[in-house]
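The report below describes a single protein model through its helices, aromatic pairs, nonpolar cores and a few individual residues. Please read it alongside the sequence and the coordinates.

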Amino acid sequence: MKNLLILGIGLLMVVYGKAQSVRRLTDQHIVNQQERMVFKQWDKKKFTPTKGFLGLNPNYWLTWAWHPNYPKNDLRPLSSSGEQTQRLLLVAAMKNTEEAYSRHADTLRNTTLTEMLNYAGTVSGADPLWQLYYNHEFQSLYQVNHASALQGAGPQVSDYLIRTGLLRWYLDESAALTERLDGARSTNLDRGSRIMAYHRMLDEYRKLSSTWQANKQRAKLFLSLAKTNADQKRPDKAVIASPGRTDIQIADDVLRKSKL
């Protein structure tokens with residue numbers, strides 16, 4: 001009895017094990033169809049089931065009678081005219097078009113940035129020519145004031161320049177030139193026109209500075225001559241000709257008196 005029980009349990013385990021095992025079913029017709037649809041060459045001979053002897057294979061008629069034109073037409077998705085091939089070609093064409101549009105957009109962006117840098121006044125301070133040359137040349141123009149204009153002039157010359165209005169004229173001309181320079185830097189303008197404006201205003205500033213220095217020198221000379229003339233009119237500086245002196249002696253005496 002005990003042996004029968006052990007035998008029954010063993011049979012149950014064998015049956016249970018077979019029930020748990022999975023058997024792989026392979027249908028050659030399905031495999032052939034999958035190969036044809038994906039990567040294999042279109043081969044009419046692999047359309048199984050075949051007709052058989054004298055076309056009497058019922059499986060053939062049950063399968064292909066409903067699709068009589070299918071074996072004659074290459075319907076692979078990855079064939080030269082397949083849907084998937086056309087889809088991949090379309091994707092590649094769209095990708096090429098997208099790259100062409102991207103390159104065109106990049107070109108437009110670079111051109112726009114270049115034009116913006118050439119025209120925008122907000123970035124004129126970053127211009128290489130301004131940084132390397134004009135910024136240094138116009139630095140003294142931005143620093144013009146009452147003290148810098150009279151630098152190097154004595155008290156009498158400074159008082160004369162203020163009384164005659166020459167100082168006010170120089171300050172007004174410098175302020176007007178500074179305002180024009182700021183306008184050229186902040187206005188949206190072609191870079192070439194902006195550089196030409198810098199060049200013209202720099203020439204004007206140099207002429208203005210030369211004129212101002214000449215005015216200071218003339219004022220100093222004028223005050224010196226005025227002082228000499230006043231000294232000559234003083235009684236103690238008058239030249240008195242001694243009786244019996246020659247013209248050369250009188251001229252020497254005049255020169256000696258004028259140097260005192």
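## Helix H9

Helix H9, which covers residues 166–186 and has 21 residues, reaches 30 Å from its first C-alpha to its last, close to the 30 Å expected at 1.5 Å a residue; the expected span is 1.5 Å times one less than the number of residues. Helices here are DSSP runs of H or I with at least four residues, strands are runs of E with at least two, and both are numbered from the N terminus. The model is predicted, so that local features need pLDDT of at least 70 and side-chain atom pairs count only at pLDDT 80 or more, while totals for chains, interfaces and linings use all residues. Residues are numbered from 1 along each chain as its sequence is written, and side-chain values use heavy atoms, with hydrogens and water left out.

The buried residues of H9 are Leu167, Tyr170, Leu171, Ser174, Leu177, Thr178, Leu181 and Ala184. They cover an arc of only 150 degrees around the axis, and therefore lie on the same side of H9; the arc is that of the directions from the helix axis to the C-beta atoms. On the other side of H9, Arg168, Glu179 and Ser186 are exposed. Buried stands for under 20% relative accessible area, exposed for over 50%, and partly exposed for what lies in between, with a 1.4 Å probe and protein chains only.

## Overall composition

The protein has eleven helices and zero strands. Of its 260 residues, 20% are buried. The accessible surface comes to about 19,800 Å², and carbon and sulfur atoms account for 60% of this surface; the areas come from the Shrake-Rupley method with a 1.4 Å probe, and for residues only the protein chains shown count as cover. Among contacts (heavy atoms within 4.5 Å) between residues at least 6 apart in sequence, 63% join residues at least 24 apart.

## Helix H8

In H8, the buried residues are Val157, Ser158, Tyr160 and Leu161. Seen down the axis of H8, these buried residues fall within an arc of 160 degrees, so they line one face of the helix. The face turned away from the buried side of H8 carries the exposed residues Pro155, Gln156 and Arg163. H8 is followed by Gly165, whose phi is positive, near 85 degrees.

Ser158 lies in this helix, which spans residues 155–164, and has a relative accessible area of 12%. Not counting residues up to four places away in sequence, Ser158 touches Leu150 and Ala153.

## Aromatic pairs

The structure holds seven aromatic pairs. Rings of Phe, Tyr and Trp (its six-membered ring) pair if their centres lie within 6.5 Å, and planes under 30 degrees apart count as stacked, over 60 as edge-to-face and the rest as tilted. The pair of Tyr134 and Phe138 is stacked, because the ring centres are 6.3 Å apart and the planes stand at 20 degrees. Both Tyr134 and Phe138 are buried.

Tyr134 also forms a tilted pair with Tyr198, at 5.4 Å centre to centre and 50 degrees between the planes. This pair links distant parts of the chain, since Tyr134 is in helix H5 (residues 128–137) and Tyr198 is in helix H10 (residues 191–232), 64 residues apart. One aromatic cluster is formed by Trp130, Tyr133, Tyr134, Phe138 and Tyr198.

## Nonpolar cores

A nonpolar core is a set of buried Ala, Val, Leu, Ile, Met, Phe, Trp, Tyr and Cys residues joined through side-chain atoms within 4.5 Å. The largest has 13 residues, of which Trp130, Tyr134, Phe138, Leu141, Leu181, Tyr198 and Met201 touch the most other members. H5, H9 and H10 are the elements that give two or more residues to this core, and H10 gives the most, with six residues. Apart from this core lies another, of eleven residues, among them Val157, Leu161, Leu167 and Leu171.

## Two loop residues

Gln143 lies in the loop between helix H6 (139–142) and helix H7 (146–149) and is partly exposed, with a relative accessible area of 48%. Gln143 and Ser174 are 31 residues apart in sequence and 9.8 Å apart in space, C-alpha to C-alpha.

Leu189 is placed in the loop between H9 and H10 and counts as partly exposed at 28% relative accessibility. Leaving aside neighbours within four places in sequence, Leu189 is in contact with Asn118, Tyr119 and Arg194.
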